[in-house]
Amino acid sequence: MKTTRLLALAALLCAAAPAAAQVQLNGAGATFPNIIYQKWMLTFNQANATNQLNYQSIGSGGGIRQFSDRTVDFGGTDAPMSDSAIAAIQGNVLHIPTVLGAIVATYNLPGVTEQVKFTPDVLADIFLGKVTKWNDARIASVNAGVTLPATDIVVVHRADGSGTTYGWTDYLTKVSPTWAAQVGKGTSVNWPVGLGGRGNEGVAATVNQTPGAIGYVELGYASINKMAYGQVRNSAMQFVGPTLEAVTAAAAGVLSKMGPSTDFRVSLTNPDGAAAYPIATMTWLLVRKTYTDAAKAKALVQFIWWAETEGQAAAPALGYAPLPQQLRPWIQARLKSITVDGRPVWTGSAAQ
């Protein structure tokens with residue numbers, strides 16, 4: 001991190017704040033990006049003592065609710081707000097993308113060292129409760145040479161409102177007509193079977209503690225906890241693992257269709273492309289178009305622009321794919337549109 005650049009940016013954006021005052025910014029929401037958000041905020045807070053950010057990992061549903069209720073300064077979500085939810089707050093929200101990531105099918109199969117492969121229909125039927133044994137013929141047929149146990153499959157899902165659930169069920173809805181008809185997509189759904197865990201952390205812990213379990217978590221949580229996760233067959237009929245390159249490939253086709261006026265509320269699941277991982281997602285910070293506290297608004301814009309530029313370098317090591325640089329001018333335009341009392345928060349040459 002270039003500390004001098006960060007401090008210069010702070011001077012430009014926070015000139016109106018008293019030198020001794022500490023601006024506290026509180027956010028809450030998605031657990032999916034929590035790993036990198038904590039890293040970013042620790043780095044930012046250490047370099048900029050006058051602006052301190054805090055983020056609580058409570059799930060996307062909680063993040064949207066607290067943001068809408070104005071109990072936090074910003075929210076975090078992996079599920080874009082619906083048109084009706086945006087209308088309920090008079091449209092006073094911007095979705096600012098931060099990183100890309102993968103949702104993985106993680107499992108606990110003692111003695112199985114090979115990476116298990118999954119087809120979309122089998123994943124859907126596992127979570128529908130129709131495929132109940134690990135040695136089911138449909139799983140075995142795409143895992144030649146893997147000795148799968150006759151163990152019961154224990155499904156683990158989120159118990160809280162979750163953007164990770166939204167991404168997972170968005171994918172299953174696209175690839176399984178039965179899932180689409182019986183369950184559908186959302187931050188919370190009526191699960192046909194399974195155990196619930198709170199947050200990516202809770203699902204990861206439950207899978208780790210339960211032989212025969214399968215769940216879905218963000219790649220970073222699986223990596224940190226040294227959990228096994230599978231390859232998934234994509235729309236080009238290729239089995240692909242959740243590498244950062246495969247996540248970038250998933251985003252490429254979708255993002256290429258976006259224009260400068262986009263509100264960034266796009267789905268990356270089940271994309272075209274032989275190299276694309278099919279359960280990729282974007283995550284967003286929710287910020288207001290208009291704030292009443294100038295010091296908070298300036299500090300938040302400062303932090304977000306730092307995260308969108310220098311902060312992106314931290315993403316790969318934590319299991320996230322950086323945002324394509326083609327999005328930066330559009331993100332910058334959204335940040336420039338944020339106002340306090342009709343006046344823009346963005347000042348000086350902060351983009352440089």
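**Exercise 1. Which residue in S11 is the bridge partner of Arg233?**

Before you start: this is a predicted model, where local features need pLDDT of at least 70, side-chain atom pairs count only at pLDDT 80 or more, and totals for chains, interfaces and linings use all residues. Residues are numbered from 1 along each chain as its sequence is written, and side-chain values use heavy atoms, with hydrogens and water left out.

Step 1. Find the strands, which are DSSP runs of E with at least two residues, numbered from the N terminus (helices are runs of H or I with at least four).

Step 2. Look at how they pair.

Step 3. Read off the partner: Arg233 is bridged to Phe239 in S11.

**Exercise 2. Decide whether Asp125 is buried or exposed, and list what it touches.**

Step 1. Check its cover. Buried means under 20% relative accessible area, exposed over 50%, and partly exposed in between (1.4 Å probe, protein chains only). Asp125 comes in at 13%, so buried is the answer.

Step 2. List the contacts, meaning heavy atoms within 4.5 Å. Skipping neighbours within four places in sequence, Asp125 touches Lys130, Val131 and Arg138.

Step 3. Compare with the rest of the helix. In H5, 7 of the 8 residues are buried, among them Val122, Leu123 and Phe127. Just after H5, Gly129 has a positive phi of about 85°.

**Exercise 3. Check whether the radius of gyration agrees with a compact globule.**

Step 1. Apply the rule: 2.2 Å times the number of residues to the power 0.38, with the radius taken over C-alpha atoms.

Step 2. Compare. For 352 residues the rule gives a value near 20 Å, and the protein has 21 Å, which agrees.

Step 3. Buried residues make up 56% of the protein, which has 13 helices and 15 strands.

Methods
Pairing = 2+ DSSP bridges.
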